[in-house]
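Hi,

Here's the structure I promised to pass on. Have a look through it first, then read my notes below.

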Amino acid sequence: MWWVLLLLMPLMASQPTILAQNPDIVNSCTQYKKDVFEEEVAYSFLFPNAPITYETVDNCRRYTPLIVGGQPADPKEFPHMARIGHFDGQQQHIEWFCGGTLISHQFVLTAAHCFESEQGEVNVVRLGDLEFDSEQDDALPKNYGVQYYYQHPNFNSPELYNDIGLIKLSESVIFDRYKHPACLPFESGQKINEFIAVGWGSTNLAGRSSAKLLKVKLDRVADDVCRRVLEPSEEYPTGFTPISQMCVGSSKPMDTCNGDSGGPLLVYHQEYPCMYHVMGITSAGISCGTPHIPSVYTRVHYYLDWIRETMSNNH
């Protein structure tokens, strides 16, 4: 996924206060699930004037279990997945370079460094797609214009700390099985051991982006490993910061890669198998797909106050 291959954030003097299990976040997640997966079915007995009875049918089911090794995503498996790019009106061409996550009717979560792309200003977001070079796949793609985008106020390129941003779409998304949000996290993720990464990024360091949406199972890596492999640099002057970043990788040649930046690091919702939490944002890679070399992800939970405030002030 298009990374700038770097990230990190100096500890902020005052750290945000974040409540795990924030009731608003829990309730909105439950409502998204009801809106998309629950339907009322009417039935009655076959005799005159029989009363009509309504029953709620819950269609929330888990998709194909994820296997180690990475594979193409199933249709409708990641309906929150967004692809972010620049539309050139003169050339009538879209250059796609980042991923993102739909988190509400009008907001997409991504990496702040995606707004610094040399390929142009972010002005288009696609939702509901699966295979970019096919019209025969089970998908319902739609391009959305960008009304505005918001970098975290403490993101300061070329440093890649606070690598988080929000995109406000120019219209509201009508939720269905192909397009609906991932839930924001209920917890920090520091005790979660397995994650799912998703994107259309390249499958090796010098490769082209994948036409198919790919998914891969990754593991939490000890913070000390990221401290060792992330040497101080222009992008990481103070090294790895666990409070705001996640260290995730694999002992096998599996990883996020060029073009995946901004995309989600996910876990399944514990109660709703058809829903996910976006725990991290793909931010920086050290060596794409090299076993035992982790990548760095922005820890979404740390930024919940900023996310909710930005969405609330710009709805």
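This is a predicted model: local features need pLDDT of at least 70, side-chain atom pairs count only at pLDDT 80 or more; totals for chains, interfaces and linings use all residues.

Let's start with Cys 60 and Cys 274, which form a disulfide with their sulfur atoms 2.0 Å apart. To count as a disulfide here, two cysteine sulfur atoms must be within 2.5 Å. Cys 60 sits in the loop between β2 (53–58) and β3 (71–72), and Cys 274 in the loop between β13 (264–268) and β14 (276–285), so the pair ties together parts 214 residues apart in sequence. The strands (E, at least two residues) and helices (H or I, at least four) are DSSP runs, numbered from the N terminus. This link is left-handed, with -105° about the S-S bond.

Residues are numbered from 1 along each chain as its sequence is written, and side-chain values use heavy atoms, leaving out hydrogens and water.

The structure holds 4 disulfides, and here are two others. Cys 98 and Cys 114 form one, with sulfur atoms 2.0 Å apart. Cys 98 is buried at 1% relative accessible area, and Cys 114 is buried at 0%.

Then there's Cys 226 with Cys 247, sulfur atoms 2.1 Å apart. That link is right-handed, with 90° about the S-S bond. Cys 226 is in helix α2 (residues 223–229) and Cys 247 in strand β12 (residues 245–249), 21 residues apart.

Cheers

Note on methods:
Buried means under 20% relative accessible area, exposed over 50%, partly exposed in between (1.4 Å probe, protein chains only).
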